[in-house]
Amino acid sequence: MTFNLALTGSDLLLLLPEIFLTIWLCVVLSVDFSMRKVSNETLAHLSIGGLLITTFILFWFDLAGITGVLFKNMYVLDHLAIYFKIMILIATAMVILISIDCVKDFRFFKGEYYFMVVMSAIGMMFMASANDLLSVFVTLEFSTFGFYVLVAYLRDDIRSSEAGLKFFILGVFAAGLLAYGISLVYGETGTLIFPEMASTQGSYGLAIGFILIFAALGFKIGAVPFHSWIPDTYQGAPTPVTAFLSIAPKAAAIAILIRMFYVGLASFKPMWVLLFVCAAIISMTYGNVVAIAQKNIKRLLAYSGIAQIGTVMVGLAAGTKMGSDAMLFYLLTYLFANIGAFAVVIAVSSAIKSDEIEDYSGLNRRSPFLAAALFLFLLSLAGVPPLAGFIGKLYLFVAAIEEELYTLLIVGLINIVISMYYYLIVVKKMYISEPIDSSPVPVSAPIKAVVYFCVAGTLLLGIYPKAFIDWAVAATLMFSNIA
């Protein structure tokens, strides 16, 4: 058996975003090596420039309808992949911006930090186009490799080293689950490509295989009970890395889950809907309840992220095109609110050298801008109108109502109330409690730019969501036949 692996010009066009960004990344690394006095800001701006150009290329692809498949249907570039790739690139650019101040304090390997961030982004871009289980495994590990290094980047900080070790051990365990699940699925179906699995007959081996794969991907998105790495990793990792972990890998893993269950397992929908209903209920409830007891802002946002993933899985539980549309839109709202919140945390931590919620007392008097921005982001995460989070959650819950998932709806509404409680604890500290130190909190230009951008996104998606919802709807047109 022979395979023709020669790539034509049209094939290379489909790979243009990844090829361009890889070459650009090599150029950035070469500049760092060859120019001994190159500044941290120059490397950051070069990296962001490559990410923005790649984003424009993908927007061009989306508008021009440039799509296709490669490598015997193992790699697919469609509107769904383009949507997630743009989201990943925007998140990466914002993370690099909020990293500039933090990287200044690194003693070594400043340029390598940006290299690892962008390399992980490239891996996640490939994840969004993975159309078979082998590609899923390779691209998932490719993107995770960069995070293993980034989480433990603060070598002199014992918490960062501990976070890196925990993340690595559990990451290897998840990789083992994924590999074993893939072997079971291949043994039962004789194929690794999602569309070719659609006509497969059900079996116990197939069910166990896909459960193992879901467990491995559950580790990446932080769903309960695969969440144990999140609180310690979020707290110990450099805060920009925490912000990166909180959205980009989750979006890429959700893209894989959508393809796997909506395409490969469409005929088994009644079975996997129950799986996602249970995972959504447990993740929402556990994340919100445990978040109440947190005293550290990064751990609070970690458990909030677990609850938010439970909310996202409401769309998967619906198992319809509306559910997928709602997931895509909600992930976009989560991108702005969550990275914006972490940008504020970085600014405050740089000034007060603490991530404890108690030290946010009187923040409104020290920096009205940061306090107002964090207030806005927390309300959006809670789902308060007219912010983006409200529209996103409304869209998800309507998708659940369409499928008569009333228990899931009730649990979701209860969890909104619970989340409001611990978000408002932070707001109370900022606006009512007396400040421990009355000195102003300085905000650097890069962080200010990210906060303004996230505020604009949070307000725009809440007040005028139609254009973004239409974009999400167009990205999932291939699921129009799903009931």
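Me: Which residues have the most contacts inside the largest nonpolar core?
Reply: They are F84, I254 and I258, in a core of 184 residues. A nonpolar core here is a set of buried Ala, Val, Leu, Ile, Met, Phe, Trp, Tyr and Cys residues joined through side-chain atoms within 4.5 Å. Buried means under 20% relative accessible area, exposed over 50%, and partly exposed in between, using a 1.4 Å probe and protein chains only. Helix α15 (residues 321–352) gives the largest share of this core, 21 residues.

Me: Before we go on, what kind of model is it?
Reply: This is a predicted model, where local features need pLDDT of at least 70, side-chain atom pairs count only at pLDDT 80 or more, and totals for chains, interfaces and linings use all residues. Residues are numbered from 1 along each chain as its sequence is written, and side-chain values use heavy atoms, with hydrogens and water left out.

Me: Thanks! What is F84 in contact with, leaving aside its neighbours within four places in sequence?
Reply: F84 is in contact with A128, A251, I254, A255, I258, L328 and L331. Contact means heavy atoms within 4.5 Å.

Me: And T92, buried or exposed?
Reply: T92 is buried, at a relative accessible area of 0%. Its place is in helix α4 (residues 79–104). Helices (H or I, at least four residues) and strands (E, at least two) are DSSP runs, numbered from the N terminus. Beyond its neighbours within four places in sequence, T92 is in contact with L51, V117, A121 and F244.

Me: Switching to charges: how many salt bridges does the structure hold?
Reply: There are 9 salt bridges, each a side-chain nitrogen of Lys or Arg within 4 Å of a carboxyl oxygen of Asp or Glu. In one of them, the side chains of E18 and K85 meet at 2.6 Å, N to O. That pair links distant parts of the chain, with E18 in helix α2 (residues 16–34) and K85 in helix α4, 67 residues apart. Both E18 and K85 are buried.

Me: What does R259 form a salt bridge with?
Reply: Its partner is D78, and the closest N and O atoms are 2.8 Å apart. R259 sits in helix α12 (residues 248–264) and D78 in the loop between β2 (75–77) and α4, 181 residues apart. R259 counts as buried at 4% relative accessibility, and D78 counts as buried at 12%.

Me: Which residues are linked in a network of salt bridges?
Reply: E162, K166, D232 and R299 are linked that way.

Me: Helix packing next. At what angle do α6 and α7 pack?
Reply: Helix α6 (residues 133–151) and helix α7 (residues 158–189) pack at about 175 degrees, with their axes 10 Å apart. That makes α6 roughly antiparallel to α7. Axes are lines fitted to C-alpha atoms, for helices over the stretch in contact, and angles run from 0 to 180 degrees between N-to-C directions. Angles under 35 degrees count as roughly parallel, over 145 as roughly antiparallel, 65 to 115 as roughly perpendicular and the rest as oblique.

Me: Last topic, the backbone. Where is a cis peptide bond?
Reply: One joins V224 and P225, with omega about 10 degrees. P225 is found in the loop between α9 (204–221) and α10 (230–236). Another joins P385 and P386, with omega about 5 degrees.

Me: What about the phi of K72?
Reply: K72 has a positive phi of about 55 degrees although it is not a glycine. K72 is in the loop between β1 (68–70) and β2, and at 58% relative accessibility it counts as exposed.
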